[in-house]
Amino acid sequence: MPYVRGMKWWGWGHEDVAFTHEDKLDLGPFLQRHLEIDVSRASSPRVAFEDLAIPESGVPPGLRDALEAAVGAGHVSTDPLDRLVHARGKSLRDLVRHRRGETGRLPDVVVRPGGEDAVVAVLRAAIDADAVVIPFGGGSNISGSLEPPEADARTIVSVDLGRMDGVLAIDETARLARVQTGVFGPQLEEQLNARGWTLGHFPDSFAHSTLGGWIATRSSGMQSDKYGDVADLTRAVRVVMPAGVLATRPMPATSTGPSVREMILGSEGRLGILSEATVHVHRVPVRRTILGYLFPTWAAGLAAMRDVAAGEGSPTVTRVSDANETRFSFATKKSSSPLDRVKSKALAEFLRRRRDFDLDAMCLAFIGYEGSERHVRAQRKLTGRIVARHGGLCIGSGPGALYDQKKFDTPYIRDYLLDRGALADVSETAAPWSLLPAVYDDVISAAHSLPVARRSWVHHVPPLALVPLGRVSVFHLRAHALGRARPAGGVRRRQVGDPADVRGLGCHAVAPPRGRHRACHVAGAGHLGARRRDVARAV
Ligand SMILES: Cc1cc2nc3c(=O)[nH]c(=O)nc-3n(C[C@H](O)[C@H](O)[C@H](O)COP(=O)(O)OP(=O)(O)OC[C@H]3O[C@@H](n4cnc5c(N)ncnc54)[C@H](O)[C@@H]3O)c2cc1C
């Protein structure tokens with residue numbers, strides 16, 4: 001296993017997967033019109049791996065021997081590509097620096113323990129050698145939490161949990177599963193589904209992130225409306241700490257003292273390495289469907305989502321895009337058959353003539369339902385009434401099925417745009433429903449007030465809120481002249497972030513469930529060993 005399942009060191013996902021405009025007739029003209037991008041050529045090539053200046057690995061022989069004894073010689077790697085992939089997460093900043101050839105401080109060694117005992121031995125070896133340990137799940141974080149400090153002279157050991165990927169046991173009565181934390185989303189669902197269960201946790205990064213990473217970053221997913229965030233789903237943890245293994249019990253609830261489980265959730269590897277978690281699982285639903293809806297305006301779509309949240313229904317997915325995001329979504333649609341084109345034209349005519357829609361202001365929404373046939377029917381009815389009250393209409397399951405299929409591919413668009421000198425990113429915040437329209441307006445006007453910004457894309461995705469809160473996620477689409485990525489000693493022509501390079505900018509917004517906030521991940525790397533005194537205090 002050379003590195004994380006063929007993960008790109010300069011972008012999202014696998015080396016052999018890429019977004020393309022070639023099967024999407026409208027996308028090229030759309031990007032040309034709005035961002036002045038010529039899609040036919042990559043204007044901002046990244047530096048080649050061979051041109052990177054990768055520093056030598058500095059693992060003292062004694063430490064290497066101890067690590068090999070802990071995990072087996074075949075699972076200790078100082079391969080430059082392996083070290084590079086483990087050096088950072090996948091924030092826009094991480095990608096831009098890597099593409100430019102600014103690799104920063106790399107871990108000296110990557111180790112892959114096969115079980116908890118091996119993790120204990122790795123930690124012991126690192127502490128004895130005064131080395132720094134950084135746990136690694138899928139490397140998808142956007143918080144800089146894997147990045148070793150540039151100036152730290154100690155040996156950096158990246159502990160990749162990828163070999164610890166099993167569902168160990170399922171207690172069907174309690175609906176609890178014991179799972180090793182290095183399991184990636186798809187592998188986890190595959191193992192659970194085979195026995196009729198699901199965790200129901202689907203962050204956008206699902207394909208390339210792990211259970212341990214989700215717990216360590218307090219992750220939230222697109223179906224958290226129904227299943228809860230990972231903080232709700234995680235009932236107990238086992239954490240290998242410098243002082244020993246911490247194990248909490250899967251109690252349904254406690255009413256005494258501060259929660260140790262809560263201390264671990266979101267701790268970004270600072271307190272120890274999560275080896276195992278007990279998580280709440282659910283039966284795979286008999287029926288699952290995501291329907292598309294159109295609203296005449298953004299205000300109508302947002303108001304409908306708020307009413308759905310306050311109503312008696314319990315959809316699993318709710319999101320609505322604003323008009324710009326709706327147009328962007330339509331532009332990324334694959335080229336359709338002549339029959340589909342006739343149908344789309346007929347729908348557009350119907351909306352214009354019979355429903356009085358301004359097609360430029362129209363907003364696309366997706367609402368998902370899960371459960372028994374009866375439950376899904378009842379839910380659709382409840383939501384349908386609310387949608388109708390706000391002037392919206394259902395456009396069937398086709399667009400929803402497409403969204404469902406493609407939802408984990410969206411991050412590949414970021415690499416495609418970076419190749420063409422454009423920046424795209426997402427950030428999220430939470431706000432009470434009453435403030436959401438103002439937050440949206442402020443985001444848009446802040447985007448437009450940038451001196452050189454010309455255009456915006458904004459979409460709003462409000463899942464359900466029992467407590468009146470909404471989540472706003474902001475999608476920036478900026479055109480930049482990125483310039484050539486700069487190998488060591490090369491000449492930098494233009495740099496990402498030079499304000500003069502910004503030629504367009506866009507955003508989208510979201511809103512969340514049951515009062516949950518998605519906190520911005522701002523903390524730094526969770527370096528064990530280095531912080532062992534702090535750890536002892538914290539425990
Ligand atoms: C395109 C994209 C979409 C995203 N979408 C979402 C989303 O919808 N929802 C969301 O919440 N986040 C999202 N994220 C952020 C990221 O995917 C999450 O933070 C995810 O939970 C990180 O998991 P990981 O396995 O990749 O962890 P890593 O990136 O490997 O690690 C993250 C942190 O957790 C620590 N860590 C990892 N594994 C362990 C372990 N076993 N024990 C102790 N510490 C550990 C690491 O040291 C590090 O500090 C997205 C990121 C990107 C780039």
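Predicted model: local features only at pLDDT ≥ 70, side-chain atom pairs only at ≥ 80, totals over all residues.

Residues are numbered from 1 along each chain as its sequence is written.

Q: What makes a set of residues the largest nonpolar core here?
A: A nonpolar core is a set of buried Ala, Val, Leu, Ile, Met, Phe, Trp, Tyr and Cys residues joined through C-beta atoms within 7 Å. Buried means that 20 or more other C-beta atoms lie within 10 Å of a residue's own (exposed: 12 or fewer; partly exposed: in between), with C-beta atoms placed from the backbone. The largest such set has 71 residues, and Val122 is among those with the most contacts inside it. Helix α5 (residues 116-128) gives the most, with 6 residues. Helices are DSSP runs of H or I, at least four residues, and strands are runs of E, at least two, numbered from the N terminus.

Q: Which residues is Val122 in contact with, leaving aside neighbours within four places in sequence?
A: Contact means C-beta atoms, placed from the backbone, within 7 Å. By that test, Val122 touches Leu67, Ala70, Val71, Val111, Pro113 and Val159.

Q: Why is strand β8 (residues 234-241) called largely enclosed?
A: 6 of its 8 residues are buried, so the rest of the structure largely encloses β8.

Q: What makes β8 and β10 (residues 273-280) a pair?
A: Pairing needs at least two DSSP bridges between the strands. β8 and β10 are joined by 6 and run antiparallel, so they pair by that definition. Val239 has Leu274 as its bridge partner in β10.

Methods. Contact = placed C-beta atoms within 7 Å.
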